[in-house]
Amino acid sequence: MLIFERSRCGRQSRAQAPAPAETDRIAAIPDQLLRRAPPLLPEVSELDAVRHYTLLSQQNFSIDTHFYPLGSCTMKYNPRGANAAAMQPQFLARHPAAPDATGQGFLACLYELQEMLKDITGMAAVSLAPMAGAQGEFAGIAMIRAWHDARGDTARSEILVPDAAHGTNPASAVMCGYRVREVATDADGNVDVAALAAAVGPQTAGLMLTNPSTLGVFERHIVEIERIVHAAGGLLYYDGANLNAIVGRVKPGDMGFDAIHINLHKTFSTPHGGGGPGAGPVGVSEGLRQFLPLPVVAQRKQEFRLLDERELPLSIGRLAAHLGNAGILLRAYAYARMLGDAGMRRVADFATLNANYLMVELRRAGFELAYPQRRASHEFIVTLQRLKEQTGVTAMDFAKRLLDKGIHAPTTYFPLLVPECLLIEPTETESKQTLDLFVGAMKEILAEAHATPDLVKSAPHELPLRRLDEVRAARQLDLAWDPARPAN
C-alpha cells in the first residue's frame, strides 16, 4: 500500500507542524519564491506514518533480519557497540569546520585508525579521505598516475586488469585517463603469468588486483606477479574488497603492492548497502606518500592536526568536503578496538572456515563448484550451468527461490567468466546453525528444480511482490506517484 492510499483530507500530526519561530521565517521568504499551490503530500496521522514505514521495513531483507551470503561484498553484522561509540554527543556535536584544537579526541581516534590500517595492510601511510571503495580505487590509480608523471614517465598509458576483476577497476582506470588491457586467468583461477608477462611493457602503468580474487581463491603466483610488474616499471594496486579473508594474517604491503584501498563498510563492519554511506581509505608505499589525498591526520608531539596542501603540495587533492564520512570512520575505529590483534586474526580464520564448510557441504549435496581443485578463501563459486541444461532453471531462478526460504540470494552472474554462477560468501559472523539452514534451503531448491522446475522458475511466491520485469524496471523506472493513475 502507498502512503497516499492512507491519506485522508485534513488529517495531520501536530508534532510535525512548524514552530512559531519557523512560521516567522517562512513569512520572510520573498513572494516570488513561495509556492502557488500546496505540495502534493499525504495527509496522515503520526501513527499512520509510523505504521506505514515500519511495515515497509519489515518487508525488506537486511543483515539484521536475514542471512546475506553476498559474494565479494562481505555483508556481515554491524556491532551495535560500534554504532553507540560513534554516536556519542561529543562526536555528533562537533562541526566539521571546527578548528583542530577543539577536536583533539576526534582526531586522535582517526589518527589511531590510520595507524591500525597501516599495520594491518603493511603500507607506509594511509589517508582516510575517500568516501567509498570506488572512490578509493580512483584515488589509488590517480596516485599511481601522479607518481609516473612526477618522474617524467608519461608514456605509461595502460592499466592491466584481470578478467575476473570487479567492474569498478576498469572504470577507475579509464577515469584516470588510462587504457585498460585485460589479462586472462588460468583454469585454476590464478592470473595467467605467461599472459601477464606478454602484456607488460613500457606502456604499463600498473596492475589492479584483488587477492583473494573474485573467483574466491588466493593468487598462488603473487610473488612472480609482483616481480613481472615491477620489472616492467609498473606499480601494483590492491583492490581491498576481499581484505576480510586475510586481515590479521597476510599484508598486501608484504606482497609488494604499492597502493591499496580498504572497504571499511566490508572488512570493518560499518553500515553497508543501499548506496552508502561508505568509506574507502587508501594506503601507499613510501614512494607514493606525498601524493595521498587530503586531508591526512598527523601527530606533532601531543597535538593532532589535519595536513593540507601546504604540507602535501603534491597531493592528488581533495575528494570530499572535510574528512568524508566521519561517522563511518569512527564506527570502524570502535570495531577495530573491540577486536584487537587476536580478534582481527579470528576474522580471517572464521571467514575462511565458514566458506570452506559451506563449499564442502554444497559439493556433497550435488552442486558443481567452479574451481573444485581449490580451497575457498572467504568465498567460492557454484555454477548451475549443468542444472540449467537439464531443467531450464537458471542461477537467477535459484536466487529468487532462496528469497522464499527467508535467505537473501548470493551474488549472481559475477564474475562473468563463470556461467550461471552463484558467488557465495558466508562471512565470519554467521553460526554453523545458520550455515546448515542455508545448505538445507539449497538442497530443497535443487530437488525442486528437478521435480517441479516451473515452481522455481516462477519464484518468488512468498514475498509481497512476485517476480518483476527487471529489464523494464531498469529502462523505464517510474517511482513518481500520480493521483490520476490507478495503482497497479
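**View 1. The largest nonpolar core of this predicted model has 53 residues.** A nonpolar core is a set of buried Ala, Val, Leu, Ile, Met, Phe, Trp, Tyr and Cys residues joined through side-chain atoms within 4.5 Å; buried means under 20% relative accessible area, with a 1.4 Å probe and protein chains only. The residues with the most contacts inside this core are Leu110, Leu117, Leu196, Leu264, Phe268 and Leu329. Among the elements that each supply at least two core residues are helix H6 (104-121) and helix H13 (326-364), and H6 gives the most, with ten residues. Helices (H or I, at least four residues) and strands (E, at least two) are DSSP runs, numbered from the N terminus.

**View 2. Tyr111 and Phe304 form a tilted aromatic pair.** Rings of Phe, Tyr and Trp (its six-membered ring) pair if their centres lie within 6.5 Å; planes under 30 degrees apart count as stacked, over 60 as edge-to-face and the rest as tilted. Here the centres are 5.4 Å apart, with 55 degrees between the planes. Tyr111 belongs to helix H6 and Phe304 to strand E9 (residues 303-307), 193 residues apart. Both Tyr111 and Phe304 are buried.

**View 3. Phe268 and Tyr335 form an edge-to-face aromatic pair.** Their centres lie 6.3 Å apart, and the planes make 80 degrees. Phe268 lies in the loop between helix H12 (264-267) and strand E7 (282-284) and Tyr335 in helix H13, so the pair ties together parts 67 residues apart in sequence. Phe268 is buried at 1% relative accessibility, and Tyr335 is buried with a relative accessible area of 8%.

**Notes.** Residues are numbered from 1 along each chain as its sequence is written, and side-chain values use heavy atoms, leaving out hydrogens and water. In this predicted model, local features need pLDDT of at least 70 and side-chain atom pairs count only at pLDDT 80 or more, whereas totals for chains, interfaces and linings use all residues.

Key
Buried means under 20% relative accessible area, exposed over 50%, partly exposed in between (1.4 Å probe, protein chains only).
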